[in-house]
Amino acid sequence: MESIVELKNVTKVIKGRTIIDDISFQVNKGEVFGFLGPNGAGKTTTIRMIVGLMAITSGDIAIGGSSIKTQFEDAVRHVGAIVENPEMYKFLSGYQNLIHYARMSKGITKEKIAEVVELVGLSDRIHDKVKTYSLGMRQRLGLAQCLLHDPEVLILDEPTNGLDPAGIREIRDYVRLLAREKNMAVIVSSHLLSEMEMMCDRIGIIQNGQLIDVQQVKEFIQGNETFHELEVIPSETALSIVHANFPDAEANLSRNGISVSLSKEDIPNLVKILVQEEIKIFGIKETAKTLEDRFLEVTKEKEAEAHV
Amino acid sequence: MFNLIKNEWMKIFRRPGTYVMIALLIVITCIVGAFFKYQETGSNAGPDKNWQQTLQEENDALKKQMEQSRTKIEQDFFKEEIAINDYRIKHNLPEKEKFNVWSFVKQASELITLAGLFTIIISAGIVASEFNWGTIKLLLIRPINRSKILISKYLTVLLFALTMLAILFVFSTALGALLFGMPEHAAPYLNYHNGTVTEQNIVVHLLIYYGLSSIDMIMLATMAFMISSVFRNSSLAIGLSIFLLFTGAQFTALLSLKFAWAKYILFANTNLMQYFEGTPMVEGMTMNFSISILVIYFIIFQFLAFFVFKKRDVAA
Ligand SMILES: Nc1ncnc2c1ncn2[C@@H]1O[C@H](COP(=O)(O)OP(=O)(O)O)[C@@H](O)[C@H]1O
Ligand SMILES: [Mg+2]
């Protein structure tokens with residue numbers, strides 16, 4: 001796989017505060033890279049450095065082999081991006097906005113503009129003023145603006161923020177389509193795990209300015225055992241029984257009882273013990289650990305490491 | 001670069017405010033025109049028949065005053081008046097010709113201040129607005145470096161200034177011709193320099209006059225541009241620049257009475273007309289001195305604007 005974006009030990013210090021701390025990762029062509037982290041983790045700041053809006057305190061970022069620091073024009077030529085909200089000139093029509101950006105890159109024809117407008121499905125309203133657009137339409141216009149110059153790298157900062165489920169799904173489909181059909185590298189940031197799971201090939205988790213993990217989505221989810229939810233009373237007693245009999249298993253109190261990380265084969269055994277101890281069992285169900293659980297796990301592990 | 005200027009131009013002329021400015025400029029020119037028309041019909045005194053005699057008498061009086069005067073500045077002033085009057089008598093060029101289109105254009109050139117005001121408003125907004133709108137992010141992630149973007153914005157401001165001046169000149173000429181008529185033969189403007197009087201075509205004179213009068217507005221627009229780029233705040237840029245546009249000259253004149261360093265203030269030098277007509281604000285100032293000061297201010301403004309704009313972390 002060919003890498004197109006490369007961050008090398010990128011650090012950003014603003015007013016003595018380290019906002020981004022020594023981040024390195026690569027993104028390959030044709031891949032959707034999810035940049036995941038809670039609000040304030042530093043996703044937008046990292047993206048601003050990738051596209052050259054902010055200076056890099058130390059380290060470097062290369063896009064298509066050109067450094068964004070020293071060869072800005074060559075590097076940014078490969079990039080289409082929306083940073084935070086897709087702000088457009090509200091007093092211009094959508095079309096005039098696109099003309100505006102088209103004039104700033106070489107060789108964008110009228111046909112290309114029409115093609116992009118068609119792709120994002122704005123043909124009907126493209127000649128209306130942007131101030132009359134809904135958020136979803138602005139997001140689509142933002143996407144159109146990114147795609148005008150056939151970039152090799154597409155960067156979308158929280159593209160689904162504020163969109164309804166249909167809008168979110170639309171964005172997801174575009175992103176997958178562009179990566180697959182045009183072999184684009186796509187970087188998408190989000191603080192919502194559920195979205196990342198369906199959109200991305202790889203996920204990098206960022207927290208407090210540090211990149212704490214980068215994994216394939218598949219491994220990320222598979223890398224954990226199944227959980228079982230047991231609806232039991234009294235749950236505290238049940239929990240201590242589990243701890244006593246299965247010291248290796250992870251067990252926690254949950255909303256209706258306890259949840260334990262045991263494989264299917266161990267369940268009959270557990271039920272037998274619980275019944276003997278006169279615990280009332282109302283139900284048992286298998287729950288796959290979601291990306292969310294996994295995410296919390298990873299971030300907790302890292303925090304624990306940091307405190308040692 | 002041409003495309004960038006086209007973009008800036010589009011962003012200015014797709015906003016209704018710009019048309020309000022142009023309309024105001026035209027309406028106020030009309031009001032000034034109506035005012036002079038009213039005055040003209042009110043006092044219908046034609047040209048003085050005995051103007052030569054009047055001028056001669058004036059000259060005699062001036063000569064006496066000159067002998068009594070002590071300061072060099074005053075003496076120079078009287079000398080100039082006398083030379084011009086003599087020239088008029090000798091070449092049969094009455095001072096008070098009928099109020100015509102060119103008289104009106106000269107009067108209306110006071111409105112250059114208004115054109116300046118509008119230029120400052122545009123200049124103050126051209127960088128700061130992009131930050132306010134948040135559009136700066138999409139503007140700066142194009143394969144065009146920041147300096148080029150800023151240059152295109154500055155050139156657009158100059159182009160806008162030129163457009164406003166052209167509108168004012170053309171419209172006041174048209175309105176003047178309509179209201180006051182074209183003179184059969186345009187009386188030349190008399191230029192006094194180093195003791196000799198020369199004739200200058202009135203249109204050429206007016207164009208030069210326009211050019212010199214615009215220095216003020218260009219310098220302040222440049223300052224507004226700088227403030228807009230450094231502080232990303234168009235209100236501050238507009239407020240400060242317009243305040244100085246209206247008060248800078250008076251302030252400087254006051255200061256110049258007491259302090260010699262007042263000659264280094266921008267506004268002591270923006271009026272280059274002072275070297276053609278009248279006297280310099282501070283004694284000993286020369287045209288070259290003023291031009292050097294203007295160039296220095298210009299470079300400082302531009303350096304600050306570019307330096308900050310290039311270095312800035314964009315977090316709009
Ligand atoms: N211009 C700035 N000046 C100071 N602090 C900033 C600036 N921009 C961002 N930060 C801080 O950096 C951290 C990361 O912000 P950001 O990158 O916007 O996070 P995210 O996009 O992941 O929500 C936050 O704590 C924020 O307060
Ligand atoms: Mg953010």
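Which element gives the most to the shell around ligand 1? In this predicted model, the answer is helix α1(A), with three residues. Both α1 (43-50) and β2 (17-28) of chain A supply at least two residues of that shell.

Ligand 1 is situated between chains A and B. The residues around ligand 1 include Ile14(A), Arg17(A) and Ile19(A), the run Pro38(A), Asn39(A), Gly40(A), Ala41(A) and Gly42(A), and, from chain B, Ala315(B). Lys43(A), Thr44(A) and Thr45(A) also belong to this set. A backbone N or O atom of Lys43(A) is 2.8 Å from an oxygen atom of ligand 1. For Thr44(A), a polar side-chain atom lies 2.6 Å from a ligand 1 oxygen atom, and for Thr45(A) the corresponding distance from a polar side-chain atom is 2.5 Å. Of the 560 Å² of accessible area that ligand 1 has on its own, the protein covers 69%.

Chain A also contains an open sheet of six strands with mixed pairing, in the order β6-β7-β8-β3-β9-β10. Its edge strands, β6 (79-82) and β10 (210-216), each pair on one side only, and the twist from one strand to the next averages 15°. Within this sheet, β3 (residues 32-36) and β8 (residues 185-190) of chain A run parallel, paired over five bridges; Phe35(A) stands opposite Ser189(A) in β8(A). Helix α5 (residues 135-147) of chain A lies across β6 and β7 (153-157), at about 165° to β6(A).

In chain B, an unreviewed UniProt entry places the feature "transmembrane region" at several spans, including residues 202-225 and 289-309. Residues 202-225 of chain B are 100% helix, with end C-alpha atoms 34 Å apart. Residues 289-309 of chain B are likewise 100% helix, and their end C-alpha atoms are 30 Å apart.

Methods. Residues are numbered from 1 along each chain as its sequence is written. Chains are lettered from A and ligands numbered from 1 in the order in which they are written. This is a predicted model: local features need pLDDT of at least 70, side-chain atom pairs count only at pLDDT 80 or more; totals for chains, interfaces and linings use all residues. Side-chain values use heavy atoms; hydrogens and water are left out. UniProt positions are given in the numbering used here, feature names are shortened, and annotations may be inferred rather than shown by experiment. Helices (H or I, at least four residues) and strands (E, at least two) are DSSP runs, numbered from the N terminus. Two strands pair if DSSP finds at least two bridges between them. Axes are lines fitted to C-alpha atoms, for helices over the stretch in contact, and angles run from 0 to 180 degrees between N-to-C directions. Contact means heavy atoms within 4.5 Å. A residue is near a molecule or strand if one of its heavy atoms lies within 4 Å of it. A polar contact is a pair of N or O atoms within 3.5 Å; within protein, one must be able to donate a hydrogen and the other to accept it, and residues adjacent in sequence count only if both atoms are side-chain atoms. Accessible areas come from the Shrake-Rupley method with a 1.4 Å probe; for residues, only the protein chains shown count as cover.
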